[in-house]
Amino acid sequence: MSDFKLKKWARSRRGQQFFVCFSFMVLPLLLLFVFTYLPFGQMVQFSFYKMKYLTPPDKRVFVGFQNYIDVFKRDDCFKALKLSLYYCVGALVQLVIALYFATILSFKVRGGNFFKGLMFFPYLISGIAIGFIFKFFYTRGFVLDTVLGFLGVNESNIPYWLKDQAVNNWSLVATSVWRYFGQNMVLFIGAIMSVDSDLYEAAALDGANRWEQFKHIIIPGIKTILTLNVILSITGSLSAFEPPYVITGGSNGTGTYFVIMNEIAHVSQKVGLASAMAVVLLMIIFGCTILQKLFFKYVFKDVDSQDEVSSKRRKNP
Amino acid sequence: MKKHLTFGGFIWNVIQYASLLFFGFLALLPIASCVITAFKTEEEYRTTSVMALPKSWLNFENFYRAFTTANMGRAFLNSLIVMVCVLTVSVILGTQLAYVLNRFAFRGNAFVRSLFLIASLLPSVAMQVTVYKIMTSLNLVNHLYGYIIMMCGTDVISIYIFIQFMENIPVALDESAFIDGAGYQRIYWQIILPLLKPAIITSCILKGVSVYNEYYAANLYLMSKEIRTISTSLFTFVGPMGNQYNLICAGVIISLTPALIVFLLCQKHIYSGIAAGAVKG
């Protein structure tokens, strides 16, 4: 092949590559820009203004950092952030339950598939349907109270599940655990199944009991995904939104940060303040994510390389 | 494993089944109570205990009333339109993007990847504060197509699933097709896309469930009654009908039936999809 032809071939291949890259990326990137990065930029910009949705650009009042100061000073905003502690505790309980059942259901159990399906199904129900289901569930004299009555609890000792401020946040957290623990469980089952099954057999031959198997094989085997989920549950509880939004609407002290933000944005139309709230939370979430990345980098350095070795071994037995 | 049951093993078995039964019961109770209530007549609902079984399991009147009051026929049609459009577009865009990102080492490849990764960190509820403003200025609010366009915004999990799957499709396949004279477009449509089928099924199920159940943005952007989706049609029961739980429960049961059918038909795919979606991060 002559030198000229070679160049031409390279050019045309290059050209084709450029064309395909361009045409396959232009739409996803456009959507990403219009619905993610443009709103993000605007959010940062709006957070310095006092404005409503329909305020024309020249009528907006520049207020500097006042919105940010308000986020920390206003009672409702910052108190709401404290509510995420409830959701954090709930998320950790959820992980423990999920891990427990994942361990049970990864091995032969009678009716295992049935229970797995039963516990997973709530994940497939829409948030609004869950809202109705649990309003009904918690209403005075309805499902939960009736069941407690069967168990012999006197109705006068039962709190108002959604009104009493001592319990209502726990009631909401419970709905979130109910909805998601099955999903976490399925995720853990997947991870446990991908651990080399020879290990369990060897351990059983050596006379290890279930607890020892759990401690020495399962936990190390799924360490990475477990830690990832612990960290995800922290960022997740900071942005808790659905349970209070659909069940109580944030009344009686159940309004989490995002519920308050949603109300400030779409009901009171204080777009600037809502934007500042969003930016503050995004900063916190970014902070958590960076910590997570560092954590993985330093704590799981050797675990990752082990994973690689074992996955290679699995591919070429 | 042959084993003779030890005392500890026996206790463990008891605990295991007891906990399964208990949590299985807890998982079922809220839904079961809803089903029970949905079959009760107005009078039964008012006079009997919530957990008392209905007289007849063939009383479908609540379902009929819920279906018509909330205009759920129309809502099912809307949900179907939204799902078909969103899934088609996002599968094509997602696989094309994954193809380009996986096969070509152009400048900016890593940058594009990180753009999508960072985007996945932004919680969608927070973004709606300003997305709402953009939707208004593009005149996309209160139109089904506007909502569809917004929902097509590529989601990272499925791109991730596609890229991972692409890594197991040998590059030699592309190469030989290229030498045989196929262009990249043709390689994508005739070789890559068909081979990605398992990943496409997984991502369709995951995204399908989330689109079907989406209600926050649907409620924000689809105000008119005739363009409500299934999940927002349930908002009909907020307010004056707020206490008629026999009717509401029937509506809830209708809305979750399609999800139940899909779940029973493709459990395996859903479980493996959940596991595949977990590797992001």
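A polar contact is a pair of N or O atoms within 3.5 Å, where, within protein, one atom must be able to donate a hydrogen and the other to accept it. Keep that in mind as you look at this predicted model, in which chain A is divided into domain 1 (3-46) and domain 2 (67-315). Across the interface of these two domains, the rule finds zero residue pairs in polar contact (both at pLDDT 80 or more).

**Where the two domains meet**

- The centres of domain 1 and domain 2 of chain A, taken over C-alpha atoms, are separated by 38 Å.
- Four residues of domain 1 of chain A touch seven residues of domain 2 of chain A.
- Together, the two domains of chain A bury about 430 Å² between them, and 78% of that is on carbon and sulfur atoms.
- On the domain 1 side, A:Phe40, A:Met43 and A:Phe46 lose the most area to domain 2 of chain A, together 86% of what that side buries.

**What kind of residues face each other**

- The side of domain 1 of chain A that touches domain 2 has four nonpolar residues, no polar and no charged ones.
- Salt bridges across this interface of domain 1 and domain 2 of chain A also number zero by the rule.

**Aromatic rings**

- Over all chains, the rule counts 48 aromatic pairs.
- One of them joins A:Phe107 and A:Tyr200 edge-to-face, with 5.3 Å centre to centre and 85° between the planes.
- A:Phe107 sits in the loop between helix H3 (75-105) and helix H4 (112-120) of chain A, while A:Tyr200 belongs to helix H8 (residues 197-205) of chain A, so this pair ties together parts that are 93 residues apart in sequence.

Technical notes: Residues numbered from 1 in each chain as written. Chains lettered and ligands numbered in written order. Predicted model: local features only at pLDDT ≥ 70, side-chain atom pairs only at ≥ 80, totals over all residues. Heavy atoms only, no water. Domains from an automatic or database assignment. Contact = heavy atoms within 4.5 Å. Buried area = accessible area lost by both parts, 1.4 Å probe. Salt bridge = Lys/Arg side-chain N within 4 Å of Asp/Glu carboxyl O. Polar contact = N/O pair within 3.5 Å; in protein donor to acceptor, adjacent residues only side chain to side chain. Nonpolar A, V, L, I, M, F, W, Y, C, P; charged D, E, K, R; others polar. Phe/Tyr/Trp six-rings, centres within 6.5 Å; stacked < 30°, edge-to-face > 60°. Helix = DSSP H or I, 4+ residues; strand = E, 2+ residues; numbered from the N terminus.
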